Amino acid sequence: MKRDLIYSGKAKDIYSTTDDDVIIAHYKDQVTMLNGARKEMISGKGRLNNQISSFIFERLNAAGVKTHFIEKISETEQRNRRVEIIPLEVVLRNRVAGSFAKRFGLEEGQELPVPIIEFYYKDDSLDDPFINDEHVLFLGLASEADLTYIKEETRRINDLLSDWFAKVGFTLVDFKLEFGKDKNGDIILADEFSPDNCRLWDEQGRHMDKDVFRRDLGDVTAVYAQVLEKLQGLD
């Protein structure tokens with residue numbers, strides 16, 4: 001049973017339950033960019049993100065990836081295991097795009113010979129700065145063993161997701177993950193996986209993700225609905 005609001009984020013509200021080890025995530029219709037500097041309410045977005053993220057997490061669970069996802073309980077809510085989030089945004093890049101392209105003065109679209117993993121310090125007051133492994137260790141955000149595991153798991157997740165999206169005609173350009181530690185101290189995948197925190201391009205190179213909002217390219221919910229429909233066609 002849902003109880004108290006314990007965290008309100010840009011895309012989700014998190015509630016405690018009568019089970020101390022379980023939380024309920026409510027997906028909002030809010031969409032933001034520039035660390036929340038621009039935000040809008042888009043009807044139906046929360047429902048779509050919840051359905052997409054639930055679908056992806058169910059498949060990841062079935063593939064043996066340890067995640068916080070338990071079940072989808074309504075159109076906009078899911079039940080998750082409570083974790084202590086590691087304050088790192090883990091970004092994996094398969095192609096040049098977004099801030100990576102701007103940072104190095106590169107054209108978007110170039111395939112990277114080997115996927116690149118980047119870390120960002122999860123702190124809104126600092127605008128989530130880019131950091132390296134040594135920074136992570138110095139700040140005490142994670143141990144060396146934690147980082148090794150997170151990188152290995154991120155690459156494994158990338159292999160699974162890239163294959164699934166390719167089967168429905170999408171290129172997985174890049175994505176952001178968050179991990180947390182459960183009550184046993186084990187690191188598991190947390191947060192969400194939706195077009196809000198990844199880049200997807202269709203076979204014509206059209207953006208099928210939050211860049212539609214960032215770049216004013218069209219109707220966000222219509223695009224997200226297409227992503228969901230395609231995913232539901234997977235075997």
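Q: Why is T76 called partly exposed, rather than buried or exposed?
A: In this predicted model, T76 has a relative accessibility of 23%. Buried would need under 20%, and exposed over 50%. The value falls in between, so T76 counts as partly exposed.

Q: Where is T76 placed, and what does T76 touch beyond its neighbours in sequence?
A: T76 is in the loop between β6 (69–72) and β7 (77–81). Leaving aside neighbours within four places, T76 is in contact with A25, H26, Y27, G46, R47 and N50. A25 is 51 residues away in sequence, and its C-alpha is 8.2 Å from that of T76.

Q: What makes N94 a buried residue?
A: N94 has 12% relative accessibility. The cut-off for buried is under 20%. N94 therefore counts as buried. N94 is placed in strand β9 (residues 88–95).

Q: Which residues does N94 touch, not counting those up to four places away in sequence?
A: N94 touches Q110, E111, L112, P115, N158, S162, L172 and V173. T148 is 54 residues from N94 in sequence, with 19 Å between the C-alpha atoms.

Q: How do you know that α1 and α6 are roughly parallel?
A: Look at the angle. The two helices pack at about 25°, with their axes 10 Å apart. Angles under 35 degrees count as roughly parallel. So α1 and α6 are roughly parallel to each other.

Q: Which residues make the contact between α1 and α6?
A: From α1 come K45, L48, N49, Q51, I52, F55 and I56. From α6 come T221, Y224, A225, V227, L228 and L231. By class, the contact has nine nonpolar, three polar and one charged residues. The crossing of α1 past α6 is left-handed.

Q: Which residues of α1 and α4 meet?
A: I56, R59 and L60 of α1 meet I157, L160, L161, W164 and F165 of α4. By class, this contact has seven nonpolar residues, no polar ones and one charged.

Q: Which members of the largest nonpolar core touch the most other members?
A: The core has 48 residues. I56, L88, F119, L161, F165, F179 and F193 touch the most other members. In soluble globular proteins, nonpolar side chains tend to be buried together.

Q: What is L88 in contact with, leaving aside its neighbours within four places in sequence?
A: L88 is in contact with F119, Y120, K122, I131, V136, L141, L147, L177 and E178.

Q: What makes P129 partly exposed?
A: P129 has a relative accessible area of 28%. P129 lies in the loop between β10 and β11. Leaving aside neighbours within four places, P129 is in contact with F119, Y120 and Y121. Its C-alpha is 10.0 Å from that of L88, 41 residues away along the chain.

Q: Why is D127 called exposed?
A: D127 has 57% relative accessibility. Exposed means over 50%, so D127 counts as exposed. D127 lies in the loop between β10 (111–121) and β11 (130–131).

Q: What is the phi of D127?
A: D127 has a positive phi of about 60°, although D127 is not a glycine. Most residues other than glycine have a negative phi.

Q: How do you know that D216 is exposed?
A: The relative accessible area of D216 is 58%. The cut-off is over 50%, so D216 is exposed. D216 is placed in the loop between α5 (211–214) and α6 (220–231). Its phi is near 55°, a positive value in a residue other than glycine.

Q: Why does G185 count as partly exposed?
A: G185 has 39% relative accessibility. G185 lies in the loop between β12 (171–181) and β13 (187–190). E84 is 101 residues from G185 in sequence, and the C-alpha atoms are 9.0 Å apart.

Technical notes
Residues are numbered from 1 along each chain as its sequence is written. This is a predicted model: local features need pLDDT of at least 70, side-chain atom pairs count only at pLDDT 80 or more; totals for chains, interfaces and linings use all residues. Side-chain values use heavy atoms; hydrogens and water are left out. A nonpolar core is a set of buried Ala, Val, Leu, Ile, Met, Phe, Trp, Tyr and Cys residues joined through side-chain atoms within 4.5 Å. Buried means under 20% relative accessible area, exposed over 50%, partly exposed in between (1.4 Å probe, protein chains only). Contact means heavy atoms within 4.5 Å. Helices (H or I, at least four residues) and strands (E, at least two) are DSSP runs, numbered from the N terminus. Ala, Val, Leu, Ile, Met, Phe, Trp, Tyr, Cys and Pro count as nonpolar, Asp, Glu, Lys and Arg as charged, and the others, Gly among them, as polar. Axes are lines fitted to C-alpha atoms, for helices over the stretch in contact, and angles run from 0 to 180 degrees between N-to-C directions. Angles under 35 degrees count as roughly parallel, over 145 as roughly antiparallel, 65 to 115 as roughly perpendicular and the rest as oblique. A crossing is left-handed if the near helix is turned anticlockwise from the far one by less than a right angle, and right-handed if clockwise.
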